[in-house]
Amino acid sequence: MSHDHSHDHHDHGHRPERPVAANPGMDSGSQALTEALRGSFVIVKFVMLVLLAVFIFSGFFSVGPQEKAIVLRFGKPVGDGDKMLLSAGLHWAWPYPIDEVERVPITEIQRVRSTVGWYATTDAMEAAGNEPPAGPSLNPAIDGYVLTADGNIVHSRATLRYRIADPIQYVFGFMGGSNAVQNALNNALLHAAARFTADEILTRDIAGYNDAITRRFEQLAVAQKLGVVVEQCAVESKAPRQLKMIFDAVITAGQNRSKVLNEARSYENQTLTRAESGATNIVNLAETERKARLDALGADVERFRALRPNFERNPELYRQQELVKVMGRTLTNVNDRIYLPDRADGKSRELRLQLNREPLKPKSEAAQ
Amino acid sequence: MKRNLLTFVIGGVLAVVFILLLFTFQVRQTEVAVVTRFGKPVRNLTEPGFKGKWPWPIEKHVKFDQRIQTFEDKFTEDQTADSVQLLTMVYVGWRISDAQAFFPKFAGGSVSAAERMLESILRSAKTATVGKHSLGDFVNADPKQLKFDAIESEIKAQVQAQLAANNCGIVVEFLGIKKLGLPESVTQAVFERMTSERAVLVSKSQFEGEAEAQKIRSAAERDAARITSEAESQAIRIRGEGEAKAAELLPVFELNPALANFDLRLKALEQSLKEKSTLIFDQRTPPFDLFQGFPTNRPSK
């Protein structure tokens with residue numbers, strides 16, 4: 001505004017001199033120039049105002065919920081320690097040459113993957129199931145693997161999910177923070193594999209192997225001051241694809257073994273159950289026999305006691321009577337009764353009997 | 001007058017800005033810088049902030065990122081102490097600590113030139129270190145014999161010594177093995193060995209399974225036999241007890257042995273003639289003794 005005014009003043013001051021100028025054409029030319037200058041000054045002023053506004057407003061920046069920001073004034077962080085971290089919200093800083101804003105993802109979980117121990121493949125190929133076929137050997141330039149404690153080759157890869165716990169260190173300490181994290185993970189994978197045997201990595205101690213990787217990574221993170229905290233470390237291991245058949249055979253053999261063992265156990269079960277029930281039978285039978293014997297004997301004793309007075313009164317008569325009674329009863333059951341009186345001459349008789357060995361199977365006899 | 005003052009202020013501000021631009025520069029938290037006078041490094045700046053210098057062409061400043069950067073070398077083959085060809089790849093966390101030393105060393109402070117030097121130092125350090133260790137130091141199930149960390153620190157120490165001797169302005173913060181491998185032909189041999197190991201495992205689990213199953217079966221049979229024989233001995237004892245009790249009753253029969261015997265014989269007779277029997281008797285057998293005195297069918301003879 002003041003500029004505008006001073007310009008007017010300038011014009012005013014020169015006006016009385018104009019008539020003195022001999023050339024009226026010249027006068028009108030300078031007037032046109034003045035007009036043009038005045039017009040462009042207005043534009044320049046407007047542009048300057050806009051620029052000023054832009055300059056001031058460009059100092060505003062917002063920090064998202066998943067990040068923190070650090071303001072660098074002349075290259076130095078503003079604030080001390082944790083105070084230099086700006087939380088979510090709207091903030092203001094001087095525009096570029098004075099201040100700079102550095103953003104750090106913090107609550108967001110980061111993810112890196114170590115594939116130094118995995119054969120050449122990509123996620124897409126893996127998902128589609130058309131991974132390149134395995135050759136007879138592993139080319140160190142292409143195929144990754146880890147060497148196990150027993151000198152074997154196993155594929156193993158780890159996926160680490162981590163959080164940045166110390167953003168200042170993560171940002172100001174490393175040029176590529178995630179790169180350093182990934183290499184620490186690579187090293188942890190390799191170090192753990194060097195202590196575990198192939199069998200432990202693949203089947204027997206998967207959890208222990210996983211733990212060893214996580215522990216080693218945590219040690220490295222502390223030692224190298226990576227400023228990160230492990231959220232989760234997932235490890236996947238696989239026998240070389242070249243050996244799939246023989247590794248499967250081991251699994252099958254293991255299954256067969258448990259099948260054979262299960263069969264043996266069921267045999268054991270059956271045998272013992274049978275033996276136990278047999279044993280119970282034997283004991284019960286003995287028990288029954290004992291009882292029957294004693295019962296019978298008891299009955300005999302009772303009977304003996306009852307009969308004794310009769311017998312002692314007249315033993316001979318008693319004998320005869322009882323014998324005849326029994327014979328009478330018995331003879332009704334006997335199949336063949338043969339009466340063979342003595343010969344008149346007193347000589348003994350000869351009697352021939354045909355003894356049939358199998359009298360109970362007349363039908364089979366007929367068949368013969 | 002008003003206009004002159006304003007022009008003066010604007011001009012002054014512009015001049016200050018221009019002078020500042022000429023005479024000062026910023027060093028960020030993450031940077032180190034060196035000031036050169038006529039191309040010769042004269043001042044080393046390691047602290048961040050606003051710094052002064054003489055304007056170009058007298059003095060110039062060069063800034064370097066001083067944060068740790070990771071460098072990975074090539075996967076190279078060396079021979080271990082036990083004559084195994086082993087491929088190793090290491091990663092190094094290094095940073096520029098001294099810009100004044102770094103700048104003249106590598107053609108205007110080229111990071112890639114520094115990495116090339118780092119690589120050649122690593123190459124010899126790796127060869128020397130791998131050659132001193134056997135494969136069992138790199139991989140071992142026994143944590144006491146595993147010298148993984150020792151190997152890493154040996155390489156690191158050699159690299160550090162070399163860097164210090166060269167005065168490169170570089171510091172190695174950490175070093176680790178990134179990858180271990182065997183030559184391609186050896187992997188095939190390893191596969192063969194692994195295959196035979198697996199084959200042993202297969203037959204082992206087969207035989208062990210059968211042996212164990214056999215053990216279980218025979219143990220079961222032994223136990224069954226024991227159970228049966230125990231039951232039998234118990235049965236014998238039970239019967240014996242029965243006999244003993246019976247023996248206690250037997251004296252009753254002694255009161256009249258004749259009756260007891262008669263009764264027993266009578267019972268035995270009845271039992272033996274119970275079924276399917278043929279009885280041949282003569283006239284002396286009661287009750288057929290009643291036939292005695294009857295005439296026979298051949299009385300004349």
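Trainee: What should I know before reading?

Mentor: Residues are numbered from 1 along each chain as its sequence is written, and chains are lettered from A and ligands numbered from 1 in the order in which they are written. The model is predicted: local features need pLDDT of at least 70, side-chain atom pairs count only at pLDDT 80 or more, and totals for chains, interfaces and linings use all residues.

Trainee: Which residues of H3(B) are buried?

Mentor: Start with the general idea. An α-helix has 3.6 residues a turn, so residues three or four places apart point the same way. Now the case. The buried residues of H3(B) are B:Ala114, B:Leu118, B:Ile121, B:Leu122, B:Ala125, B:Lys126, B:Thr129 and B:Val130. They cover an arc of only 155 degrees around the axis, which puts them on the same side of H3(B). The arc is taken from the directions from the helix axis to the C-beta atoms. Buried means 20 or more other C-beta atoms within 10 Å of the residue's own; exposed means 12 or fewer; partly exposed is in between; C-beta atoms are placed from the backbone. Helices (H or I, at least four residues) and strands (E, at least two) are DSSP runs, numbered from the N terminus.

Trainee: Which exposed residues does the face turned away carry?

Mentor: B:Arg116, B:Ser120, B:Ser124 and B:Gly131.

Trainee: How many residues has the largest nonpolar core?

Mentor: In soluble globular proteins, nonpolar side chains tend to be buried together. Here the largest nonpolar core has 92 residues. Such a core is a set of buried Ala, Val, Leu, Ile, Met, Phe, Trp, Tyr and Cys residues joined through C-beta atoms within 7 Å. H5(A), residues 177–193, gives the most to this core, with nine residues.

Trainee: How do S2(B) and S3(B) pair?

Mentor: Two strands pair if DSSP finds at least two bridges between them. S2(B) and S3(B) pair in the antiparallel sense over five bridges. B:Ala33 stands opposite B:Leu45. Two residues lie between the strands of this hairpin, where B:Phe38 takes a positive phi near 50 degrees.

Trainee: How many residues of chain A are in contact with chain B?

Mentor: 105 residues of chain A are in contact with 105 residues of chain B. Contact means C-beta atoms, placed from the backbone, within 7 Å. H8(A) gives the most to the side of chain A that touches chain B, with 38 residues.

Trainee: Which strands do four bridges join?

Mentor: S10(A) and S10(B), which run parallel. The bridge partner of A:Tyr339 is B:Phe281.

Methods. Two residues are in contact if their C-beta atoms, placed from the backbone, lie within 7 Å.
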